[in-house]
2 protein chains.
Amino acid sequence: MERLVLCIPNFSEGRRPKVIDAIVEEVRKVKEVRLLDVKADVNHNRVVVTFIGGPEAVKKAAFLSCAKATSLINMEEHHGEHPRIGATDVIPFIPVRNITLEECARLANDVAREIAEKLEIPVYLYEAAAKRPQMKRLPDVRKGQYEGLKQEISTPERKPDYGPSRMHPTAGATAVGARNFLIAFNVNLGTNDLKIAKRIANAIREARGGYRGVRAIGVMLDDRKVAQVSTMVDFVETPLYRVFETVKFEAARYGVNVIGSEVIGLTPAQALLDAADFYLRLEDLTPNQVLENNL
Amino acid sequence: MERLVLCIPNFSEGRRPKVIDAIVEEVRKVKEVRLLDVKADVNHNRVVVTFIGGPEAVKKAAFLSCAKATSLINMEEHHGEHPRIGATDVIPFIPVRNITLEECARLANDVAREIAEKLEIPVYLYEAAAKRPQMKRLPDVRKGQYEGLKQEISTPERKPDYGPSRMHPTAGATAVGARNFLIAFNVNLGTNDLKIAKRIANAIREARGGYRGVRAIGVMLDDRKVAQVSTMVDFVETPLYRVFETVKFEAARYGVNVIGSEVIGLTPAQALLDAADFYLRLEDLTPNQVLENNL
């Protein structure tokens, strides 16, 4: 069974196509890696690159693209709406198949060390790769952004995990981390009452005492006049079907039906296989019985 | 997205490990093919080999293993309980990913022609690859077995689709075909009343006017004292969840619950993804949103 890691680096360039192409080209160069998506945003002045492959190949592509961004992006001249600390702003490694979150955290460490040593960029480890609790959350790492971190990086509290305690003169700093996959999963309600969607969102989100690894808000789909519970689900912590069934019974309390759901972007197959397993009441299905899993 | 074909040739040898190993070795030789299973049965005197890969690689492994069986198995000396017509008795090609049943039928034609020309074995095409309606079903191709076919092969009715109208002196004849995947899917009932399982089986099986591509019988799991609806499902014709939900509502008519289900052996991931799609009421999920599908 092939080991698969997803890597979604964010670079601080969303406006110059030539720079974006040059960075993406470094990923393409690594043959064992599959490029899945490139999403540039002009207002954020930022590009999100998604690729997948084995641990070694993904590590290589992450470093090469970071090195290219370092040589082409000058943070002293960078402006955009999205918070950022460096040319290569953040590199998360996400376990997909036959690899643990802990192994991805070690991968993050390897890449962080390489970036620090070869490119002389200060690097912070976050989420499952974090070495210090106060650096676990990405917003904490990014506090004050490039400009603020430049002032505070020499203080003990903001000392990087690898590399010098000063910003790289043009590329700033970088955050490297490991985290579980988050599925953007939305559940549509048979009502146009936004209040109901918001109440259900509050019932399931971790921040309000709901399920671990679930973020949720209520939103209105104006074109369809449908209220929606919009979630981000760490399906390793809380299975997708549990989120769905909970929204269903909470909605029923208001006499409202669930009319559908949607996955925005990617989902690991396992999240859907778990749902099939639950609903079909499967006894003892092993992963290697699932044909494409055992290849 | 990688194209995947499953191939499950049956060879008329279940007793001599050296012969079985030599045949399987031919499959292993083809690097691009993944050997998934080898199941030899002493009473049947037969071995079932399961492998998967791209169309060209699978074709190659099918021919090589057939050629080896031709040189090592003498049908004049073969005895066993399972009906058979040749050393390589049957070679089915089954679409798994990014390939149609029609393409698998063409694959079957290519392999059938190669076996006929290079090994001088008469070959019959069956199921989706069949050229004549009376040869569509495998039992019709196998009628009279090796001994009977040897008498009748020179008649116009039993003329092979490729190769000579006489048996190969030691290897007999071979059936090559294309068919959809069949999932062995069993649903366990919260009752020890076998009659209920049989009635439900009759309600869903194609032969009794039920769903297309569904075979079903009622059986008793004596160790668990559980009646079971045991099915084989062509999930391209009838989705797994429909079989499950129908068993559930038919059982409810007798006040009986479904206590679980099981998949015996392999299932394509798609059958389970279809179930997740149904139960989560997903709107517009495309295959390339499912991570491992787009590799």
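Student: Which residues of helix 2 of chain A are buried?

Tutor: This is a predicted model: local features need pLDDT of at least 70, side-chain atom pairs count only at pLDDT 80 or more, and totals for chains, interfaces and linings use all residues. Residues are numbered from 1 along each chain as its sequence is written, while chains are lettered from A and ligands numbered from 1 in the order in which they are written. Helices (H or I, at least four residues) and strands (E, at least two) are DSSP runs numbered from the N terminus; a residue is buried if 20 or more other C-beta atoms, placed from the backbone, lie within 10 Å of its own, exposed if 12 or fewer do, and partly exposed in between. In helix 2 of chain A the buried residues are Val58(A), Lys59(A), Lys60(A), Ala61(A), Ala62(A), Phe63(A), Ser65(A), Cys66(A), Lys68(A), Ala69(A) and Thr70(A).

Student: How many Å apart are the end C-alpha atoms of helix 2 of chain A?

Tutor: The expected span of a helix is 1.5 Å times one less than its number of residues. Helix 2 of chain A has 18 residues (55-72) and should span 26 Å. The computed distance agrees with this, at 26 Å.

Student: Which strands stand at the edges of the sheet in chain B?

Tutor: The sheet is open, with four antiparallel strands in the order 9-10-8-11; strands pair if DSSP finds at least two bridges between them. Two of the strands have a single partner each, so one side of each is left without a neighbour in the sheet. They are strand 9 (214-221) and strand 11 (258-264) of chain B.

Student: Which element of chain B gives the most to the side that touches chain A?

Tutor: Residues are in contact if their C-beta atoms, placed from the backbone, lie within 7 Å. In chain B 36 residues are in contact with 36 residues of chain A. Among the elements that each supply at least two residues of this side are strand 3 (34-41) and strand 5 (88-97) of chain B. With six residues, the most comes from helix 8 of chain B.

How values were computed. Two residues are in contact if their C-beta atoms, placed from the backbone, lie within 7 Å.
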